[in-house]
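Subject: Structure handover

Hello,

Here is the structure I promised to pass on. Please look it over first, then read my notes below.

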Amino acid sequence: MKRLLPILLAGLTACAGTMSPDKGGVVPLRLDEEALSTAYTPRRMALLVGISEFDDPQWRGLRYPAKDATDLAAAMLDPTKGRFDQVRVLTKPEETTRAAILAALKQLRAEAHRPDDVVVVYFSAHGTLARDATGELRRYLVTRDASYRAIAQTALPMDMLKAEFDALPSRRRLLVLASCHSGNGKSLLPKELEKELSGIKSGFYARPLEESSRAAMVFAACDWGETAREDEGLRNDIYTHFLVEGLGGGADRNGDGAVTATEAHDYARRRTFAFTEGRQRPSAEILEVGADPVILSGSIARTGRPELFSYNPRLDGFTLKVDGEPRTELPGGAAVVPGKRTVELTKGDAVLVRRDVEVSAGERLPLEQLLAEAFPRRSLSLLGGFFTFADARSRAELLPLAPEAALSLRLEDRPLRDFGLLFDVGFSKGRRELRLQADGDVPFRYTTLTAGVALPYLWRWERLTLFAGPRVAGLYLGRSFEGDSDVGGQRYFTVSPGVVAGMVLRVGERLELTAQSQLMLTYVVVDGEGQAVGFTGGWAGVGYRF
């Protein structure tokens, strides 16, 4: 607003000097096109924190965090590499307290306010674990003023850091953590907690202790339970050294002239793994799975080679083979020659998927897509269940609970990914009795036919799929009364809106168990009186995928 005020004042001054006596006179307004372009150009901003020294002597000093941050800053500000517009480095004692770091993050949020700004936040410091006020085990970054005996109250909780980071408006954001929480290397644990964790078998090391961040990308210098190391020969944190090295252009695997965040991480990950002889495996959590939006170095000067990649934990440890040749171990990616390629995901002698794909220049193909395509996405199910009206009056006057047989066809990822098309037909026929005041119990025969189509959203975990969404259905109900009743035959037909929900459990390559229920709203006329009623049904059965 402060920048805009002089422009407005200048415009008013021009108007005062040139305004004609006629009302509604038009005054030409000249705008600086270069200034406008600059104001709307996405910016590249970074906040780099390196904490080497600590007030509490229980935290041993680290040698290279300050150098890690300044070396990365130099690469980012280099006009031939990162070309970042603003890089703030926090390494001084007064800059590396918990309060100072949180204040810097809030300031970054105020400055990086555009969705397409590129924002990088980097930490090189000790990591540790401690129990919070509720007794839950949490990860913490050790700030300069953190107390060894009051970690939860004085250190920077990872979930607080991630909450601040998630609040950034940018969709192109990257968080890099050059720390660990294993008790070794760049990590220290209180003795009582270290003793407690020593009795835990592998479960502690399996997954992060706090919820995954909603950040676009989070890179960690090591995996859970591993050690993030400094190296005297490299004079850096090992992962950071190779990350900076990759920004020089060596990480540009697809040859388009730019080094993206995932390319830089994969470059640093592979070299860190090799340098430490497999003792340190950098990890990644990535929300953006399409085109990598975070360019850390260079600029896209040409169409790059196609890339095959995956950062999905389900595929960790699998080997990507292209045309029979091993290319990389997942998570990660590889650039390939355009054209028709034979892609395999293997682990040992087992082949998870083998497919022939056509890839073109510039394409980025998530390997999870091949995995989804390897399994049938159509299913035909034979179901049995019930049909009934939702309210007691309708059950008494129209039709009590009735058994029903149904057939269901489900198409997955149609018309959109993670959505399905669901077609179903239900049929019921039988004999029931209604208690009428004049005639007593009146027997009748009935026929119901329902036909519906739904567009549910699909939630998929391993062999389990849950689905829910809107449904439209047609209902036919025919009744013919027996005996001397003067009611006669009746026919109802309505088209009704509603919802459907259900689950699918795959029990084999082709077979599945499925269940679904639906709730619909319709309008019927009973004895000359119209009323809105709900009808519902629940089915379960066996499906065949094809």
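Start with His 126. It sits in the loop between β3 (118-124) and β4 (127-131). Helices here are DSSP runs of H or I with at least four residues, strands are runs of E with at least two, and both are numbered from the N terminus. His 126 counts as buried, because its relative accessibility is 0%. Buried means under 20% relative accessible area, exposed means over 50%, and partly exposed lies in between (1.4 Å probe, protein chains only). A polar atom of the His 126 side chain lies 2.8 Å from the backbone oxygen of Arg 60.

Some background before the rest. This is a predicted model, where local features need pLDDT of at least 70, side-chain atom pairs count only at pLDDT 80 or more, and totals for chains, interfaces and linings use all residues. Residues are numbered from 1 along each chain as its sequence is written, and side-chain values use heavy atoms, with hydrogens and water left out.

The whole chain
The chain has twelve helices and 29 strands. Of its 546 residues, 47% are buried. Take the contacts (heavy atoms within 4.5 Å) between residues at least 6 apart in sequence: 64% of them join residues at least 24 apart.

Two glutamates in strands
Glu 512 lies in strand β28 (residues 511-526). Glu 512 is buried, at 0% relative accessible area. Its side chain makes a polar contact of 2.5 Å with the side chain of Ser 379. A polar contact is a pair of N or O atoms within 3.5 Å; within protein, one must be able to donate a hydrogen and the other to accept it, and residues adjacent in sequence count only if both atoms are side-chain atoms. Leaving out residues up to four places away in sequence, Glu 512 touches several others, including Ser 381, Arg 410 and Arg 545.

Glu 285 is in strand β12 (residues 283-286). Glu 285 counts as partly exposed, at 23% relative accessibility. Its C-alpha atom is 5.7 Å from that of Met 217, 68 residues apart along the chain.

Helix pairs
Helix α3 (residues 65-77) packs with helix α9 (residues 238-250) at an angle of about 10°, with axes 10 Å apart. Axes are lines fitted to C-alpha atoms, for helices over the stretch in contact, and angles run from 0 to 180 degrees between N-to-C directions. α3 and α9 are therefore roughly parallel, a term for angles under 35 degrees. Asp 68, Asp 71, Leu 72 and Ala 75 of α3 meet Thr 240, Val 244 and Leu 247 of α9.

Helix α4 (residues 98-111) and helix α6 (residues 158-166) pack at about 20°, with axes 9 Å apart. This pair is therefore roughly parallel too. On the α4 side the contact includes Leu 102 and Leu 105, and on the α6 side Met 160 and Leu 161.

Backbone points to check
Most residues other than glycine have a negative phi, and most peptide bonds are trans. The peptide bond from Leu 330 to Pro 331 is cis, with omega near 10°. Pro 331 is in the loop between β16 (325-329) and β17 (332-335). Arg 83 is not a glycine, yet has a positive phi of about 55°. Arg 83 lies in the loop between α3 and β2 (86-90). Arg 83 is partly exposed, at 37% relative accessible area. Glu 277 also has a positive phi of about 55°. Glu 277 is exposed, at 69%.

Best wishes

Conventions
Parallel < 35°, antiparallel > 145°, perpendicular 65-115°, else oblique.
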